Amino acid sequence: MLTDSADNLTQPERDAARIATTVDAMALIRKWDYACEEHTVSGKDGTRLTIQRILPAGFNASRHHQPPPVLLWPGFGGSANCFLCAPSREGNLAFLLADAGFDVWLGNPRGVVYTQFFNEKEGGANPWAFSIDDIIHYDVPATVDFVLAKTRSKQLTYVCVSQGTTTIFAALSIMEDLNRKINLVIALAPTLKPVHAALTPILHPIFRGYRWVAGDRAFPSTLSEVAKQYAPPFLTSKFMSLCTYIGFQWDCSKIGDDARQMAMMPHSFHGTSTRVVDHWLQTMEDSVSFSHYIILSAKKRGFSHLFDHVTHAAASPVKYPTKHITTPLHLMYSRSDSITDINVLQVHLPSHTVFTEIENYSHPEFLWGTDAPEKIFGKVLSLIFEAVSDNAKK
């Protein structure tokens, strides 16, 4: 791999380059001297997901009273790394939660680098034939159950971003028991249906056509992976920033200077499937809110096999019944976010949902903004402390 000459980099840039080229979440955690563990979650379909855990200082598993568990869940194509890759310790939500005494768990949905599909070695069905429905039906509940069992807790707090908010809203809407296992969902940059202008118009038919022609496979991230492997971190960062600008009109200068972007942008995408992309395009085109995926290809037409309660005779996508959620929800959004459609969220989420507006914030700033520790993370900590305190009184 090519690296930037140390003589040409400042110390912050050298530190950022090391973060950019560190793929393993455990190494990112250990960089800041936190105790950590790695575990494997097995879903009902056999897919195995590696998740990470950050232990608070002085953690002792034999104590009767254990620190409250908090589960972090990333967005589209993201992994645990997105909560760990800011070039300063205090710029990472996961570390601030650990410093506050919480037992921090980092979830990874299928498709990212921490996935081992049940049939990828046995020559079974195509493991990449998954939509967001599979993450909802398998990955989210399996991870929640694993964390609760491992920590011997009755409930956890769930903090999520972007697509991670969509998957927990949908899962809670169809799984009554899951609502009892989560004391609070804190949703950052939330979405049920992105605004139609979220994706550059020229890319919409290209992505839809690619899925039709290529079928079910890993979403093409070849160029980004080649950039990560062979280009200097600075160029990789610029390439990833250009991709997000072309795709979503995001101005990555809002997440900081070149050193910050160099550290974080290579961790912005760690994998997904073409069907996940198609699921989003379907939602943007045909749905009033987030809906079950309809398989549309030359070979198949019908709903995902996961939901027997959805009729295969339906002519259009059937939305998740998100009004059914009983878990407390707190959403932090911005009207400057090019993805979030706040009107859809207000209409389709339950009346007990709390909305907090953050002014002049773009989608990636909710995790990576230079002032996110003050504007976002401090509020997240307060909400979790409040939820844990309220639970202790019950």
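Which residues in the largest nonpolar core touch the most other members? I'm working from a predicted model here, and I looked this up first. The core has 61 residues, and the answer is Ile54, Leu72, Leu188 and Ile376. H14 gives the largest share of this core, eight residues.

I got Val159, Cys160, Val161, Ser162 and Thr165, then Met332, Phe366 and Leu367, and finally Ile376 and Val380.

Next, the gaps. I searched for cavities of 30 Å³ or more and the count was one. The largest cavity holds about 40 Å³ of space. I wrote down its lining as Gly77, Gly78, Pro109, Arg110, Val112, Ile135, Gln163, Gly271 and Thr272. By class, that makes five polar, three nonpolar and one charged.

Last entry: the second largest pocket, at about 450 Å³. It is lined by 15 residues, and Gln66, Pro69, Ser153, Lys154 and Gln155 are the closest to its centre. I sorted the lining into seven polar, six nonpolar and two charged. Helix H14 (residues 372-393) turns up again, with the largest share of this lining at three residues.

Notes. Residues numbered from 1 in each chain as written. Predicted model: local features only at pLDDT ≥ 70, side-chain atom pairs only at ≥ 80, totals over all residues. Heavy atoms only, no water. 1 Å grid on protein atoms, 1.4 Å probe; cavity = no way out; pocket = protein on both sides within 12 Å on 5 of 7 lines; lining within 4 Å. Points joined across faces, edges and corners; volume = space filled by probe spheres on them. Nonpolar A, V, L, I, M, F, W, Y, C, P; charged D, E, K, R; others polar. Helix = DSSP H or I, 4+ residues; strand = E, 2+ residues; numbered from the N terminus. Core = buried A, V, L, I, M, F, W, Y, C linked by side-chain atoms within 4.5 Å. Buried < 20%, exposed > 50% of the residue type's maximum accessible area, 1.4 Å probe, protein only. Contact = heavy atoms within 4.5 Å. Lists of a residue's contacts leave out its neighbours within four places in sequence.
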